[in-house]
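This briefing goes through one protein model by topic. Please look at the sequence and the structure first, then read the points below.

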Amino acid sequence: MQARDPSCEDDFDNASLSCEEALRRILANVDIVSGHERVHLRSALGRILAEQIVSPIDVPTHTNSAMDGYAIAGGDVPERGERRFAVVGTAFAGRPFNASVSSGQTVRIMTGAAMPENTDTVVMQEHAQISADGILIDGNHKRGQHVRAAGEDLSAGAIVLEVGHCIGPAELGLIASLGVGEVSVRRRVRVAYFSTGDELRSIGEQLGLGEIYDSNRYTLYAMLSRAGVDVIDMGVVRDTRDAVASALSEAAANADVVITSGGVSVGEADFVKEVVESLGEVGFWKVAMKPGRPLAFGKIGDTRFFGLPGNPVSVMVTYYQFVEPALVKMSGGSIESRLETTAVATEPLKKRPGRTEYQRGILSRGDDGSLRVRGTGDQGSGILHSMSIADCFIVLPMASAGVEAGATVTVQPFLGIL
Ligand code: AMP
Ligand code: MG
């Protein structure tokens, strides 16, 4: 058979890399960026810790009550029958009872209030019988019950969070609970990006024949912002060698990563790969996936380069499958927690063997509570609307020839909880 350049219509292509291999190579070629900064706690949301967080205090600082009730000395619990206690005061959360408690006495205590001196046990108010001159307590109480010990949650000096931990809502609260107001976080990865294409116009411009508005820069802006990187939007670059070369050089001088969209296929005006080759290196440029082929990955000096395809859905798929994991690694975070699960297809999903497909899906629950998924309809790589109605990718492996309704398929939900 005559050798020819690969085309997007090919299903099998020996020169292509599998998605797994492509991701493996990309991750092997990126490293954590150096540098960190101290930020106020609220600004640390979404950032990656560059220091261990060690508790400067015991949490809780004081032994306190876990219930509303009565604080007594454990030794005062009667062996049998009931015992009368004189109520000598009240302890509130933040307003302690400041005197010592003697045998036969009790202090009315609220949840979170510090345990008064000589008490170590709380009797729930529901289990105390109020009498004219105090309360009556029976023998069914264990010494130490309903009490939270000082340092029970964390003791002073304990490591609370490790370097590399991503700060989410729980971590923000946890650090605040230690009274710590500033933390050291890794510097953000700087990402420059631009769109290529003579057909692209910016919002506000008139469209001529064959022209379209540039949407990839907006999609990329949104995805990158969510990923917590610093973004440098370099606009639309014309399809000439010089324009692409100067934009890439400028991007490489200012950023850790440069992302382009368009111009990496084999068309007449697709110069991106060629220009990167002249300025640096391109690692590969074909991945056995749909949508998304072709994809370029390389470097210009120390700056990593991702040349994404031009089609709007391909941009999103390749970004999520390859670029975001690399950005997470460069940011110092962990990519292990990305959720992939399975769902039952409620309709047949068409596919030809040869490439991994990332179809757009809509999740639902069956009557039995199990996860179901259906396709969004037309899976064309230019149909950005399909991404907006989807809430997951349906990942169909390379060898799959499509699935029947009822088959279990792998899905990547778009959103988690935290
Ligand atoms: P290319 O890879 O440059 O051949 O582009 C492939 C397809 O994606 C073409 O139909 C382009 O018009 C379209 N495309 C490229 N860049 C963008 C963009 N920034 N926004 C919307 N569509 C684009
Ligand atoms: Mg183009």
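Proline 291 lies in the loop between β19 (289-290) and β20 (296-300); strands are DSSP runs of E with at least two residues, helices are runs of H or I with at least four, and both are numbered from the N terminus. This is a predicted model, in which local features need pLDDT of at least 70, side-chain atom pairs count only at pLDDT 80 or more, and totals for chains, interfaces and linings use all residues. Residues are numbered from 1 along each chain as its sequence is written, chains are lettered from A and ligands numbered from 1 in the order in which they are written, and side-chain values use heavy atoms, with hydrogens and water left out.

**Backbone**

- The peptide bond from lysine 290 to proline 291 is cis, and its omega is near -5°.
- Arginine 293 and proline 294 are also joined by a cis peptide bond, with omega about 0°.
- Proline 294 is in the loop between β19 and β20.
- Asparagine 118, a residue other than glycine, has a positive phi near 75°.
- Asparagine 118 is found in the loop between β6 (105-109) and β7 (121-124).

**Domains**

- The protein chain is divided into domain 1 (19-34 + 187-331), domain 2 (38-58 + 159-186), domain 3 (64-148) and domain 4 (341-413); the bounds come from an automatic or database domain assignment.
- The centres of domain 3 and domain 4, taken over C-alpha atoms, are 60 Å apart.

**Ligand 1**

- Around ligand 1 there are 17 residues, and Glu199, Asp214, Ser215, Gly263 and Gly310 come nearest (a residue is near if one of its heavy atoms lies within 4 Å).
- The shell residues divide into four nonpolar, 10 polar and three charged; Ala, Val, Leu, Ile, Met, Phe, Trp, Tyr, Cys and Pro count as nonpolar, Asp, Glu, Lys and Arg as charged, and the others, Gly among them, as polar.
- A nitrogen atom of ligand 1 is 3.1 Å from a polar backbone atom of serine 215.
- An oxygen atom of ligand 1 is 2.8 Å from a polar backbone atom of glycine 263.
- For glycine 310, a polar backbone atom is 3.2 Å from a nitrogen atom of ligand 1.
- The elements giving two or more residues to the shell around ligand 1 are β13 (190-196) and β15 (212-213).

Notes
Polar contact = N/O pair within 3.5 Å; in protein donor to acceptor, adjacent residues only side chain to side chain.
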